[in-house]
Amino acid sequence: MPMDAKEIELKAKALTKAATQNEPPVNIVALLKELQQGVRATEDLLRSTRVGIIVNKFKQHKAPEVARLSSEIVSKWRNEVNKQKAGASPGPSQRSSSSPRPTPNGTAAPTPSDKASKLSVPPDKRTWKADGVDVNQTSNRIRDSCIGLMYDGLCLNATEAPRTVLAKASSVEAAAFSAFGPETKEQYRTKIRSLYQNLKNKSNPMLRVRVLSGEVTAEHFVKMTHDELRSAEQQERDRKIQKENMDKAMVAQAERSISTSLQCGKCGQRKVTYTEAQTRSADEPMTLFCTCMNCGKSWRQ
């Protein structure tokens, strides 16, 4: 049974959440299959729900089954939309509503479409200059430069229209300006650079997706902590390292003996702690690891 737009939006949000929380591939595959079976693709439906953009991101997922299924779904939806467009094409004697209207002198007027409504370069080559957008939005050179930086961070591997990315980049800069501005403050510039580096981080592609999709608002994005900006995978690795360090700290340490016969070569005191370890062959004497209790010098003998 076909899903309605509301159901599709909920599934798309669940899909994004599954990726950000590093859920197992089987959960993501299950959601993708529901969309594959339940979505009757039309251009308006895909545009309004943004589900096509979200599913397309999973073509680069590290799990082969997820990447393969998302690729199949995107291809299927693209073919369905193309067929609908072909079926609706006007005949040679008909004028399309989007066809240029003749001007009084007989020449065709330009169409309202422009570079800001479509991609002109591959997603991995996008920048604000390559997309041909105008980042002069505030009449302030520094702020407009920061909008361009945010655009470059957000557009990497994105398929959203340039005008969509520009609107989000402007929102992020405005939020940063409100929270850390004016533009002359180092705090504002440092924050913009930090956000840009996090957006460009190849190991955390879902951050761009979450910001562009609106899951993370511009106001929240500029105030996210270092840990919040990290990917789910990075956070999990940090937790494992922290647990390993905690486990090591809880292991009982070897008891150290105190000797008055050993003398420190630095301060001359005979308050020395030591432990013994067999570092050579079994018929060799054990090695002493010594530490002076007076000056802290360590040595072995």
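User: At the start of α1, which backbone nitrogen does a side-chain oxygen of Asp4 reach?
Analyst: A side-chain oxygen of Asp4 comes to within 3.2 Å of the backbone nitrogen of Lys6. This is a predicted model, in which local features need pLDDT of at least 70 and side-chain atom pairs count only at pLDDT 80 or more, while totals for chains, interfaces and linings use all residues. Residues are numbered from 1 along each chain as its sequence is written, and side-chain values use heavy atoms, with hydrogens and water left out.

User: What span should helix α1 have, and how far apart are its end C-alpha atoms?
Analyst: Helix α1 covers residues 5–20, and its 16 residues should span 22 Å at 1.5 Å a residue. The end C-alpha atoms are 23 Å apart, which agrees. The expected span is 1.5 Å times one less than the number of residues. Helices here are DSSP runs of H or I with at least four residues, strands are runs of E with at least two, and both are numbered from the N terminus.

User: Which residues of α1 are buried?
Analyst: The buried residues of α1 are Ile8, Ala12, Leu15, Thr16, Ala18, Ala19 and Thr20. Buried means under 20% relative accessible area, exposed means over 50%, and partly exposed lies in between (1.4 Å probe, protein chains only).

User: And what follows α1?
Analyst: Asn22 follows α1, and its phi is positive, near 55 degrees.

User: New topic: where is Thr49, and what does it contact?
Analyst: Thr49 belongs to helix α3, residues 43–49. Leaving aside neighbours within four places in sequence, Thr49 is in contact (heavy atoms within 4.5 Å) with Ala5, Ile8 and Glu9. The side chain of Thr49 also reaches the backbone oxygen of Leu45 at 2.7 Å.

User: Is Thr49 buried or exposed?
Analyst: Thr49 is buried, because its relative accessible area is 6%.

User: How many salt bridges does the structure hold?
Analyst: There are seven salt bridges in the structure. A salt bridge is a side-chain nitrogen of Lys or Arg within 4 Å of a carboxyl oxygen of Asp or Glu. One of them joins the side chains of Arg143 and Glu173, at 2.8 Å from N to O.

User: Which parts does that pair tie together?
Analyst: Arg143 lies in helix α7 (residues 141–155) and Glu173 in helix α8 (residues 162–180), so the pair ties together parts that are 30 residues apart in sequence. Arg143 is buried, with a relative accessible area of 15%, and Glu173 is buried at 1%.

User: What about Arg193: which residue does it form a salt bridge with?
Analyst: Arg193 forms a salt bridge with Glu186, and their closest N and O atoms are 2.8 Å apart. Arg193 is partly exposed at 43% relative accessible area, and Glu186 is partly exposed at 48%. Another salt bridge links Glu215 and Arg210 at 3.5 Å, N to O.

User: Where is Glu160 found, and is it buried or exposed?
Analyst: Glu160 is found in the loop between α7 and α8. Glu160 counts as buried because its relative accessible area is 4%.

User: Which side chain does it make a polar contact with?
Analyst: The side chain of Glu160 makes a polar contact with the side chain of Arg50, at 3.4 Å. A polar contact is a pair of N or O atoms within 3.5 Å; within protein, one must be able to donate a hydrogen and the other to accept it, and residues adjacent in sequence count only if both atoms are side-chain atoms. Beyond four places in sequence, the contacts of Glu160 include Ile53, Lys57 and Leu119.

User: Now the sheet: what is the order of its strands?
Analyst: It is an open sheet of four strands in the order β1-β2-β3-β4, with antiparallel pairing. The edge strands are β1 (257–259) and β4 (298–300), each of which pairs on one side only. Two strands pair if DSSP finds at least two bridges between them.

User: How many bridges do β1 and β2 have?
Analyst: β1 and β2 (residues 272–277) pair in the antiparallel sense over three bridges. Ser259 stands opposite Val272 in β2.

User: Last one: is Ile258 buried or exposed?
Analyst: Ile258, which is found in strand β1, is exposed, with a relative accessible area of 59%. The C-alpha atoms of Ile258 and Met293 are separated by 9.1 Å, although these residues are 35 residues apart along the chain.
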